[in-house]
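Subject: Structure handover

Dear colleague,

Here is the structure for your files. My notes on the core and the aromatic rings follow below it.

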Amino acid sequence: SDLSAAKETLVAENEAEQRIEDQKEAFASYVPKEVKRLDGAVVKQYGRFLAVCVCDDGRKAEDLLAELF
């Protein structure tokens, strides 16, 4: 059902965001320069798809995703 799919999507999005937060904590003392990328991470849901982008330019990633979806 649509409700079930919506719940699954929300769970997946929350898990992706939690993973990013976990990585920030782990990287803070290990490779602090990489935390900037995690701070700008993009998590977007498009229908059944969830896109997670960790890169130097989050705005560009959002623009590219908008073109694809």
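Is Phe49 buried, exposed or partly exposed? The model is a predicted one, and in it Phe49 has a relative accessible area of 44%. That value lies between the 20% limit for buried and the 50% limit for exposed, so Phe49 counts as partly exposed.

Phe69 is itself partly exposed, at 48% relative accessible area. Its ring also pairs with that of Phe49, with centres 6.0 Å apart and planes at 40 degrees, so that pair is tilted. Here too distant parts of the chain are linked: Phe49 is in strand E2 and Phe69 in the segment after H3, 20 residues apart. Through these ring pairs, Tyr46, Phe49 and Phe69 form a cluster.

Tyr46 is also a member of the largest nonpolar core, whose six residues are Val42, Tyr46, Ala51, Cys53, Ala61 and Leu65. Strand E1 (42-46), strand E2 (49-53) and helix H3 (58-68) are the elements that each supply two or more of them. Beyond its neighbours within four places in sequence, Tyr46 is in contact with Ala51, Leu65, Ala66 and Phe69.

Regards

Methods. Residues are numbered from 1 along each chain as its sequence is written. This is a predicted model: local features need pLDDT of at least 70, side-chain atom pairs count only at pLDDT 80 or more; totals for chains, interfaces and linings use all residues. Side-chain values use heavy atoms; hydrogens and water are left out. A nonpolar core is a set of buried Ala, Val, Leu, Ile, Met, Phe, Trp, Tyr and Cys residues joined through side-chain atoms within 4.5 Å. Buried means under 20% relative accessible area, exposed over 50%, partly exposed in between (1.4 Å probe, protein chains only). Helices (H or I, at least four residues) and strands (E, at least two) are DSSP runs, numbered from the N terminus. Contact means heavy atoms within 4.5 Å. Rings of Phe, Tyr and Trp (its six-membered ring) pair if their centres lie within 6.5 Å; planes under 30 degrees apart count as stacked, over 60 as edge-to-face and the rest as tilted.
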